[in-house]
Amino acid sequence: MTPVGSDDDPVARQAELERRTDRARGLMLGLALGESVGLGRHRAGAVTETGAGGPTSSGTITAGVATQLAAFTLEGYIRAAARMAHKGICDPPGILWRAYRRWATGQGIDLPADATMPFSGPHPPDGWLCHDPALHERRGDAPTTVAALRGGRPGTIEQPLSSSMGWHGLVRVLPVAVGATHGHLATVALAREATALTHGSELGLDVTSAAVVLTACSLTADDVLGGLRTGVDAARGLGVEAHLVGTLDRAMADAVGVASPATPNPTTRASPAGPSLDRLRSLAPDPTSLSALAGGLYVAATHAEPERFRDALELAARAPEGAAVAAVAGALLGAAHGASRLPVDLVARHELAWPLDVLARDVVAQLSDPPGGSEYVEARDPLWQARYPGW
């Protein structure tokens, strides 16, 4: 675990803790707003009024299903970290699998009991997240995820359940990138395992690896482009498929107006590339995780300034699978800017803003100085383990 500041400088420690929290909140809220804008839900039911401050919009922004699943990913991740602190042994993918089962139960989806996994059969819901009524609302379809849950057993990297590389398998696991900023070196491996619970494409798993690294670099970067460049370089070192690396290079080259490393003539420079719908649709032509990542990277790199966040999501929404691209772009930009720089009028209207904000704060607390204590440290918060049981 990476220390949060210096014990000798409590001011610096607190400032670093607040920065990490703001970035984690930005990741979750940016992802949620991106998916909702991509689905057109920021306009549904909105009423435009004109007051002294100019036009304003009201009306609840409903979540997408990938955002719901991302919330349960982060809740499961906190549970796994809490169990590790107290028991020293843990099966994080198994805990995430049970988190997705809690989501499905709240959705009214009938699931078979899994005799190989404790606590998988009928039992009272535990923790706090599953009691949020907004998470019981149907906000879209996740057919590959639901099929796997109904099948009664999780997939693994070695024994995949399908060859799917649909974008839900990527977007829902982006929250685990927060672990990388706290020195959890197994973050990428866990993200791959979490995707493989339901989506088994080998290329898709490589996309997950690259996306989590990009998100982690955005969480720690001083600026958007710097974080994205560092993330692409880091993804190149993961040993992922060459096609994926080439696609990421192309997305960055198109965004910043320089030739791709794959260009035969290195002296050839592309003309400066502003945001282009044609380029976006070429990079993100379908509902795969690769398109979601390439398109999201392109949009984030072409809209690096905080004041262009809304424009970024609007452009991403015009991709063939707008919700996928906008969710990734929103996550990358939110991670880089932090929640404090996101549009308040959008955040305040999102139906999951509060639970996502709480989860982001709680994961940083768990990874920095666990409120629930550990095997050898007494809990500061006696209710923490009831909020995040270790299974």
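Mentor: In this predicted model, the largest cavity is lined by R19, R20, R23, A24, V178, T181, H182, L219, T220 and V364. Two elements, α1 (10-38) and α7, each give two or more residues to that lining. The largest share, four residues, comes from α1. By class, the lining has four nonpolar, three polar and three charged residues. The volume of this largest cavity is about 50 Å³.

The whole structure holds two cavities of 30 Å³ or more. The lining consists of S164, M165, G166, G169, L170, T195, H199, S201, G204, L205, T208 and S289. Here α5 (168-171) and α7 each supply at least two residues. The largest share, three residues, comes from α7. The class count reads three nonpolar, nine polar and no charged residues.

The side chains of T198 and H199 make a polar contact at 2.7 Å. T198 sits in the loop between α6 (187-196) and α7 (202-220). T198 has a relative accessible area of 1%, so it counts as buried. Beyond its neighbours within four places in sequence, T198 is in contact with W97, T144, T145, A148, S162 and R172.

Note on methods:
Residues are numbered from 1 along each chain as its sequence is written. This is a predicted model: local features need pLDDT of at least 70, side-chain atom pairs count only at pLDDT 80 or more; totals for chains, interfaces and linings use all residues. Side-chain values use heavy atoms; hydrogens and water are left out. Buried means under 20% relative accessible area, exposed over 50%, partly exposed in between (1.4 Å probe, protein chains only). A polar contact is a pair of N or O atoms within 3.5 Å; within protein, one must be able to donate a hydrogen and the other to accept it, and residues adjacent in sequence count only if both atoms are side-chain atoms. Contact means heavy atoms within 4.5 Å. On a 1 Å grid over the protein atoms alone, a cavity is a set of points where a 1.4 Å probe fits but cannot get out, and a pocket is an open set with protein on both sides within 12 Å along at least five of seven lines; lining residues have an atom within 4 Å of a point. Grid points are joined across faces, edges and corners, and a volume is the space filled by probe spheres set on the points. Ala, Val, Leu, Ile, Met, Phe, Trp, Tyr, Cys and Pro count as nonpolar, Asp, Glu, Lys and Arg as charged, and the others, Gly among them, as polar.
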